[in-house]
Amino acid sequence: MIFPIASAPYTHNNSNTSYIMILVIIAMIPGIAMQYYFFGFGTLIQILIATSIALSTEAVMLKARNYPIIQTLKDNSALLTAIILGTSVPALSPWWITTIGTMFAIIIAKQIYGGLGHNPFNPAMVGYVVLLISFPVQMTNWLPIYNTQNCTPSMIDTLQIILCNHIDLKSIPSTLHPNVDGITQATPLDYFKTSLHEGLAVNKIFTNPMYRYYLTNTSCWQWINLGFLIGGIFLLITHTIRWHIPVGFLVSLTLFSSIGWLYAPSALLPPTLHLLSGATMLGAFFIATDPITASTTNNGRLTYAIVIGLLTWLIRSYGGYPDGVAFGVLFANICVPLIDHYTQPRVYGHTKKRIL
């Protein structure tokens, strides 16, 4: 009998990159469905634009690098990057916003470093941060979160807004202005931070109709985060991701926000709003858990997640941007080599040298 010679590991779970990416995309469906329900066709159109740009841009880069195009695209990494970025941008963003962010993510954050497995930063978050810094107005305006179903544009109107920056006034309520900003507004996190800068106390901010609606069970941002939470639980059940990063991120964010809220309840958000607003659940289960850019040791994953949780809370509370998940992830990506170095598990059989 001839035994094949192979190197360890000797077991295989029949998983590959393409299969894992597909599972993550499937897990995003509940959150994307919630965004579609509250924000209309814009979310789906942004995902389609990002997907087409990501695949075509990656194909061009692979051709320039003499890499196999079809075989490489089948790993679905560019597809997942596009879906995350398309989900992150506001539903009625102009088409060129999504195009610029996606091209930057694929070319600069991924292919310039050598492609999948070599990029030190999360490509989707690099593209998102570039857009957020370059176009803050377009990137912080969403459809209103209350009475959304009464003023969501139709598919034709959405296409006109995204592709031509044009709105059919007959299909838009007369109470809204005839421009894109007229049917969009800041997210609750952005509104909260702007109100604080204007000198309003938290208790006065919460009396605003938008926040009174936001604190009810019908808040769209709560449902969107719960949708991504359901998808994250699916990833944990299927062992697509490990629990260390999402649990570490959510626990640390809850801890820091609770301490801050108890210390300054008139100036800082309570932990419940931190957990169910912005990109909290999307970041915890789908962004921070990127196996290429996250820490690789168990203790390192917890440390990595705590760093993201702390930075997210600090930026939301004291920074100039409404949400800090993307910035926290990118900063933690920088720290991954250092974190992995100091959290390496001890080699079996290793003993410390006794100093006489």
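The protein contains 19 helices and two strands. The model is a predicted one. The chain has 356 residues, and 50% of them count as buried. Among contacts between residues with a separation of 6 or more, 75% join residues 24 or more positions apart.

Two helix pairs show how parts of the chain meet. The crossing of α3 past α10 is right-handed. On the side of α3, the contact is made by Gly42, Ile45, Gln46 and Ile49, and on the side of α10 by Thr158, Leu159 and Ile162. Sorted by type, the residues of this contact are four nonpolar and three polar, with no charged residue. In general, an α-helix has 3.6 residues a turn, so residues three or four places apart point the same way.

The second pair is helix α5, residues 77–88, and helix α7, residues 123–134. Their axes come within 9 Å and cross at roughly 35 degrees. Here too the crossing is described as right-handed, with α5 passing α7. From α5, the residues Thr81, Ile84, Leu85 and Ser88 meet Pro123, Ala124, Met125, Gly127 and Tyr128 of α7. This contact divides into six nonpolar residues, three polar residues and no charged ones.

Which residues of α14 are buried? They are Cys220, Trp221, Gln222, Ile224, Asn225, Gly227, Phe228, Gly231, Gly232 and Leu235. After α14 comes His239, which has a positive phi, near 60 degrees.

Most residues other than glycine have a negative phi. Asn66, a residue other than glycine, has a positive phi near 60 degrees. Asn66 lies in the loop between α3 and α4, the latter covering residues 69–73. Is Asn66 buried or exposed? Its relative accessibility is 71%, so Asn66 counts as exposed, the cut-off for exposed being over 50%.

The other asparagine is Asn76, which is not a glycine and yet has a positive phi of about 65 degrees. Its place is in the loop between α4 and α5. Asn76 has a relative accessibility of 14%, so it counts as buried, since buried means under 20%.

The last stop is Leu268, found in the loop between α15, residues 244–263, and α16, residues 271–275. Leu268 has a relative accessible area of 2%, and is therefore buried. How many residues apart in sequence are Leu268 and Arg316? The two are 48 residues apart in sequence, and their C-alpha atoms are 9.1 Å apart in space.

Methods:
Residues numbered from 1 in each chain as written. Predicted model: local features only at pLDDT ≥ 70, side-chain atom pairs only at ≥ 80, totals over all residues. Heavy atoms only, no water. Left-handed = near helix turned anticlockwise from the far one by under 90°. Helix = DSSP H or I, 4+ residues; strand = E, 2+ residues; numbered from the N terminus. Contact = heavy atoms within 4.5 Å. Nonpolar A, V, L, I, M, F, W, Y, C, P; charged D, E, K, R; others polar. Buried < 20%, exposed > 50% of the residue type's maximum accessible area, 1.4 Å probe, protein only. Axes fitted to C-alpha atoms, helices over the stretch in contact; angles between N-to-C directions.
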